[in-house]
Amino acid sequence: MTARPTPSRPTASRSTTDLAAATHTDVFVVGAGPAGLTAAYMLSKHTPSVIVIEKDPVHVGGISRTVAHGGFLFDIGGHRFFSKSKEVVDLWNEILPDDFIERPRLSRIFYGGKFYSYPLNATEALRNLGIVESAACVMSYLAARLSPIEGPRTFHDWVRNQFGERLFSIFFKTYTEKVWGMSCDDISADWAAQRIKGLDLKVAVINALKRSMGVHKRKPAAPGAPVVKTLIETFRYPRKGPGMMWEAAARKIEERGAQVLMGRDLVSLVYDEKRQLWDIEVATADGPERYTAWHVISSAPLAELVEKIRPRPISTFHARSLRYRDFLTVALMVDKPDLFPDNWIYIHDPSVKVGRVQNFRSWSPEMVPTGKTCLGLEYFCFEGDGVWTAPDDELIALATREVEQIGLVTAADVTGGCVVRQPKAYPVYDDAYRDNVAAIRRDLELGCPNLHLVGRNGMHKYNNQDHAMMTAMLTAENILSGERRFDVWNVNEDAEYHEAGSEGSRDGRRAALSSERAVPKKVSDAA
C-alpha cells in the first residue's frame, strides 16, 4: 500500500523524540461504526497492520450500536438489514452467519388520530382524510401540476410540485420540521428527491374511480416500460440487535492481529510530505498516544475531522458551516406484550414533541423479556438545547405522557425508562451544504494524500447502513490496489434503492455506483 504523489503543501514538524515514540500502522481508521469497521475488516484480511480508534469507551457500531438496560436491548434509530448489493449481504453473512432472523416490515404514520401507510398510499390517505379534505388535496395537487415552481431549490418547493400544497402541509411539513428543527424552506430539495417515495396522486385517483365503477383489471405493462418497484415485506435483523454485527466484526478484526482501540479521540492529523505518511495524535484517559500511518480512513463527522488537520485547511470555514441534527431516544419499559405490530411509527401530530416511536419487540422478540415490550421514543434536537440538556427523569416523564396521549399505551403500564443521546445523527441538507462539501473535497484532494472519507458523517451524506459499508468496501479496494479504482462519492444513498426490489443482486455494486436522484446530478463515474 503506497501513498500517491500530491502537490506540495506546508507541514508542521515534530521532534525526533515524538516520532520515535509513535506506533506505526499501514492504515489508521477513525471511528468504529459500520463504515470504519467494514474498512478495517476488509483490510485486515490482507494485513494485520490496521488500527481503529473509537471515541466511545464501551460500544462499537456508532449509531448502529445496541444498548442494554435492565434486561432490555434497544437499537439507536432502527436499522433494517436489507441491501441490493450481493457483496454487502455476503459480508453480513460472513461476519454474523448464525444470528439473523427474518422479520416482517411495517411502518406507519400517525396523524389526526389515524394511521397511514408509510410510504404513503395515496388511495388510503384520501380515504382517511374524508371527501372534503380529499377533494381539497386533489385540487391543490392539480394546481401544483399546472403551475409548478421552476427549478425547485427547497424541500417545500419540491414536495409542493410533486403533491400539492395541501398534502405537503398535512404529511410532510410537521414531521420534517420536527426532524430537522428548521423550516422546510431552508432544507435543500436534495433531501426530498433522495428520501421521499413516489406518490402519484393522479394514478391513485384514477384507480379509485375505476374500482368504484367495477373496473379492476390492470393492463399489462408495455414492453420496455418501467416496472414499479414494491417495498420489501420482510427484512433480516440480528436477533439481539445490530450491535451483534459490529461487536462480531471488531472481534474478528482483532483475531487477525489488527487493533480496535476504545476510548480514543482524534486530536490532530499532520501529513509529513518528506516521509509521505501521516503523524497522528490521539487523546486517551491515560494521556496522549501517537501513531504514524500511510493511509487514514475517517468516518468521523466531516466538520470535526477538518478541525483536526494541521496546518488548518483552507476549507476550514466551509467545514464550520456544516450542520448536524442530533436526537435522543427515551426507551420505555412496558409491562405488556404485543402492543402494535409496527417496527416504528412516525408521529406527524404537532401536539406532541416525539417524532418517531420504535417497537423493539417487533424488531426482535429476543431484545425484550418475555411478556414485556420496550418502546423507543425519539426526540430530534440540537446538542445543547432544552431537550438535549433536560434531566433524564424529566425526559422519561415527557415520553410517558406523550405515548399515552397518542394512545399507544397507558402510563400505568410503563415500569421504567432509559435515555440515550446521539450527537450528530443526521447531516443537515441546508441550501449551502453541497457547496461546502464540494469545497472541502477539493481542498482535501489536493492537500491530504491518502486521507479517505467514508460513511454517513465522514462524507456528510445521508447514507443508509449498507451504503456506508459500500463506501468502506470500495475504499479498501482502492487502498489494496494502490490506486483510486472507484469514486466512493458515487455510492447512491437513495431510499428507494434501500427499501425496494430484491436483496443481494449481483449487480448491486453497479446499482450503488450508477443510480441517480432527481436532484442533484451525481458526480462523475468511477475511474
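**Reading the model**

Author: Start with Lys84, which sits in the loop between β4 (72-75) and α3. Helices (H or I, at least four residues) and strands (E, at least two) are DSSP runs, numbered from the N terminus. This is a predicted model, in which local features need pLDDT of at least 70 and side-chain atom pairs count only at pLDDT 80 or more, while totals for chains, interfaces and linings use all residues. Residues are numbered from 1 along each chain as its sequence is written, and side-chain values use heavy atoms, with hydrogens and water left out.

Reader: Is Lys84 buried or exposed?

Author: Buried means under 20% relative accessible area, exposed over 50%, and partly exposed in between (1.4 Å probe, protein chains only). Lys84 has a relative accessible area of 13%, so this lysine is buried.

Reader: Where is Lys353, and is Lys353 buried or exposed?

Author: Lys353 lies in the loop between β15 (344-347) and β16 (356-359). Its relative accessible area is 52%, so Lys353 counts as exposed.

Reader: Which residues is Lys353 in contact with, leaving aside its neighbours within four places in sequence?

Author: Contact means heavy atoms within 4.5 Å. On that basis Lys353 touches Lys178, Tyr379, Leu398 and Glu402, leaving aside neighbours within four places in sequence. The C-alpha atoms of Lys353 and Lys178 are 7.6 Å apart, although 175 residues separate the two in sequence.

Reader: How is the protein chain built overall, and how many residues count as buried?

Author: The protein chain has 20 helices and 19 strands. Of its 527 residues, 56% count as buried. Taking contacts between residues at least 6 apart in sequence, 74% join residues at least 24 apart.

Reader: What is the pLDDT of the protein chain, and where does it stay under 50?

Author: pLDDT is the predictor's confidence in each residue, from 0 to 100. The average over the protein chain is 85, and 82% of the residues score at least 70. Residues 1-17 have pLDDT below 50, and this stretch has 42 contacts in the model beyond near neighbours in sequence. Residues 493-498 also stay under 50, and for them the model has 34 contacts beyond four places in sequence.

Reader: Now helix packing. At what angle do the axes of α2 and α3 cross?

Author: Axes are lines fitted to C-alpha atoms, for helices over the stretch in contact, and angles run from 0 to 180 degrees between N-to-C directions. Angles under 35 degrees count as roughly parallel, over 145 as roughly antiparallel, 65 to 115 as roughly perpendicular and the rest as oblique. The axes of α2 (residues 34-44) and α3 (residues 86-95) cross at roughly 80° and come within 13 Å. The two helices are therefore roughly perpendicular to each other. Thr38, Tyr41 and Met42 of α2 make the contact with Leu91, Glu94 and Ile95 of α3. By class, this contact of α2 with α3 has four nonpolar, one polar and one charged residues. Here Ala, Val, Leu, Ile, Met, Phe, Trp, Tyr, Cys and Pro count as nonpolar, Asp, Glu, Lys and Arg as charged, and the others, Gly among them, as polar.

Reader: What is the crossing of α5 and α7?

Author: The axes of α5 (residues 131-146) and α7 (residues 165-180) come within 6 Å and cross at roughly 120°. These helices are therefore oblique to each other. On the α5 side are Glu133, Ala136, Cys137 and Ser140, which meet Glu165, Arg166, Leu167 and Ile170 in α7. The contact of α5 with α7 has four nonpolar, one polar and three charged residues.

Reader: How many disulfides does the structure hold?

Author: A disulfide is a pair of cysteine sulfur atoms within 2.5 Å. The structure holds zero. For Cys374, the nearest cysteine sulfur is that of Cys418, 8.5 Å away. Cys374 is buried, at a relative accessible area of 0%.

Reader: Which backbone values deserve a look?

Author: Most residues other than glycine have a negative phi, and most peptide bonds are trans. The bond from Arg310 to Pro311 is cis, with omega near -10°, and Pro311 is in the loop between β13 (309-310) and α12 (316-321). Lys424, in strand β18 (residues 414-427), has a positive phi near 50°. His460 has a positive phi of about 50° and is in the loop between α17 (456-459) and α18 (465-481). With a relative accessible area of 1%, His460 is buried.
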